[in-house]
Every structure is written in C-alpha cells, then in structure tokens.
Amino acid sequence: MDPATILLFATAAVASLFMAWVIGAGSSGATPFAPAVGANAISTMRAAFLVGILGFAGAVTQGGSVSEAVGRGLVDGVSLPVSGVIVVLLIGAGLMAIGIYTGYPIATAFTVTGSVIGVGFALGGDPAWGKYAEIGAVWVLTPIVGGGIAYGIASVLPRSDVPEDVSIPILAGIVGTVVANLEFAFLSSVGGTLAAAGATVVPVDGTAATAVISLGLGVVAAAVVRWDVDRDQAGGLRRFLLSLGALVAFSAGASQVGLAVGPLFPLLEDLPAVSPIAVLLGGGVGILVGSWTSAPRMIKSISQEYASLGPRRSISTLVPSFLIAQTAVLLGVPVSFNEIVVSAIVGSGLAVAGGAGVSPRKLGLTVVAWVGSFALAFGLGYGSMLALGA
C-alpha cells in the first residue's frame, strides 16, 4: 500500500475517532442520564463518568448491527471510497459539534444518514428503498410511540389506586424480561441472549425454556425492586431510575457507535488485518472520552431546559427510551437518541403538567434543527463529492 493511500486511511480513522468523541460529548453522552440528573438522582459529572463506561460496553458488545447498516446498507451499487468516508465523518461530526456549542442537540443519526446517502448518490449509487422505509418508519414512529408510552406511564404513577409498590415493580419486570432477550456478540455461540444461554442448560424444549427463563428474570427484577421500594420508597425510586439510566446509556453506545465507525466498515475489505471488533473498540473509546470530557454541557441542557423532571416523570421517560433504542439495535436502524429521549420527556411532561411541562420554543427549534441537519448533511455530502470529482 503506497504512502498516500496509508495517509488517507489514517485520516479516515482519525475522523471516525473524532466523530465518536462528538457522539460521546453529545447525544450518546448526554441523553441517557439527563432525566436522572433532572430528577436530582445523580450529579452531572458522575452521570458523564458512568455513561462513558456504559456506552463503551454497549458499543463493543452490541454495536455491530447498526455499524453494518450505516456502512453498507444505505446506498446500493457502490461502496464508499476513503475520500467519501472522510467527507461523511467530517460533515456528521461538524454538525454535531455545532449542536454541542450552541446547546441544541443535533440528531447524529440524521446527519450521518443524510451525508452517507448524499455521498453515495454522488458516486452513482442507487436508493436502498427497503432500508429507507424501515428507517423512516422508526424515525416517524419514535416520537409517537415513545411519547405515548411515556405519557401513559406518567399518567399512572401518581394515581392513588395504583400504588408504587405495584406499578414500579411491574415496569421493572417488563424491563428485566427485555434485558433477558437482548442480543450480545459475546453470547453468539449459545444463542446470543441471556435467556437463550440459560436455555442451553435446561433439559426441556428450547423455545419453552427460553420463555420461562425470560419471565423468570423479569419476576426476579420485579421482586427486587418491590423489596427496595417497600423498604425505602424515595431511595428505591432513585435506584430504579439510575438502573434505567444505565441501560439507556448502554443502549446508546450500542446504537450510536455505528454512526461513527459504520462508514469505515467498507474499507475493511482492503484491510483484512483489521477486524470489525477492533474498529468497534476504537469507536467505544472515542465515545468514552467524549462523554468524560464534554458531555456535561449537553446533560445540563436536556435535563434543565426541556422540562422540569421529577423521579416518576424521569422513569416514565427512560422506560420507553430503553425499549425503542433496543428495538432499533435489533433492526440495525440508525436512530437518534436525542429524538427518543426528547420525545419521551415531552410525553411525560404533557401527562404531568400539560403544556406548562415543556418548553415549546426549545422543542420547536430542536425539531427544525433535526430536519434541517438531515437536509444539510445530504446536500453537503452530495456537493462535496461532486467538488472532489466523483
């Protein structure tokens, strides 16, 4: 490989690391624990520290599916060259950096997806209509489903006829059952999930055993949370909220790392010595460093400026955020954590305080920033490749 090519590959790798850093500083690093910070369950700096570690773990163990989709599934008929990868990453990271500087959460999924499609079209690629339909459905349904679930939970938790030693454990049981069925790369040899791995040691039918183990883990989670809430209601709510924040942070790393390293995956065909796991590790490190160094600004913006959050409303926000994030990981769809969490915050805010529970101006500007960032990223990607002579 000649020195000029090596330099291009090195530049692409540095751009990917920068993108990972920006993701950790912005969406991935800020949104998971923002509701918990808003509820005064954890400090801003401690939240940034934890989300970095958890995001790294999610990136390494679950980041492959979204990375493949971003790298190879958005445009048919072409593979991005090194120059195209650099353009995609610089556009995505640049727009994200603007969002961090201004305090408005630019949706990473929108910027990266838009720039990849723009670059791919400029290279003569064909639209991947099936994948676009899948992505569009997730993006459109996220505020409806996430906000609706958050609204429903926030409407139930304060009710006197549904005591919290019943409602909170039920939510914990649902979350525990979902966790039992999350797919992890390191469990691929035993079915990919905790439930499937457990079923391998049970001498009964695999499907039935998986279902029983899934429900069993859900029951255990519900029982532990009920015991904790009965013993100390305020402390139990806080600990459950922090557990949800940890799961959302883990899911953020799993989803968002693909936006940073996914464009590199096509280049690995020319670099057989570099494995996808090594690329995911690099992206995870970038997210971790970004979370530790620059996430506090965005955490403060989301937790304090979008709505006034209490522990119950924060729980209402994080439960649908976790469920939607893991659905996107399962489908291999790039999704915006800002969109997920902000939609859930709005839904829970409407249930608790009506229109007074959210900031319409802040919300409106954020939506405009989301739509505009996709269109701008597409235009910049397409135009940049034409300017480079694609």
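Please keep in mind that the model is predicted.

I will start with the whole chain. The protein chain has 16 helices and two strands. Its radius of gyration is 21 Å, close to the 21 Å that the globule rule gives for 390 residues, so the chain is as compact as a globular protein of that length. Along the principal axes, the C-alpha atoms fill a box of roughly 70 × 55 × 35 Å.

Next, burial and contacts. Of the 390 residues, 53% count as buried. The chain exposes about 15200 Å², and carbon and sulfur atoms supply 70% of that area. If we take contacts between residues at least 6 apart in sequence, 84% of them join residues at least 24 apart.

Now the aromatic rings. How many aromatic pairs does the structure hold? There are nine aromatic pairs. One of them is formed by W139 and F374, and this pair is edge-to-face, with 6.0 Å centre to centre and 80° between the planes. The pair links distant parts of the chain: W139 sits in helix 8 and F374 in helix 16, which covers residues 360–387, and the two are 235 residues apart.

Is W139 buried or exposed? W139 counts as buried, because its relative accessibility is 13%, under the 20% cut-off. F374, with a relative accessible area of 28%, is partly exposed. Ring pairs also bring in F110, so that F110, W139 and F374 are linked into a cluster.

Staying in helix 16, we come to F378 and Y382. They lie four residues apart, about one turn of the helix. Their ring centres are 6.3 Å apart and their planes are at 15°, so this pair is stacked. F378 counts as partly exposed at 27% relative accessibility, and Y382 counts as partly exposed at 34%.

Last, back to helix 8 and the surface. Helix 8 runs over residues 129–156, and L141 has its place there. L141 itself has a relative accessible area of 45%, so it is partly exposed.

Definitions and conventions:
Residues numbered from 1 in each chain as written. Predicted model: local features only at pLDDT ≥ 70, side-chain atom pairs only at ≥ 80, totals over all residues. Heavy atoms only, no water. Buried < 20%, exposed > 50% of the residue type's maximum accessible area, 1.4 Å probe, protein only. Rg over C-alpha atoms; globule rule 2.2 N^0.38 Å. Contact = heavy atoms within 4.5 Å. Areas by Shrake-Rupley, 256 points an atom, 1.4 Å probe, with all protein chains shown as cover. Phe/Tyr/Trp six-rings, centres within 6.5 Å; stacked < 30°, edge-to-face > 60°.
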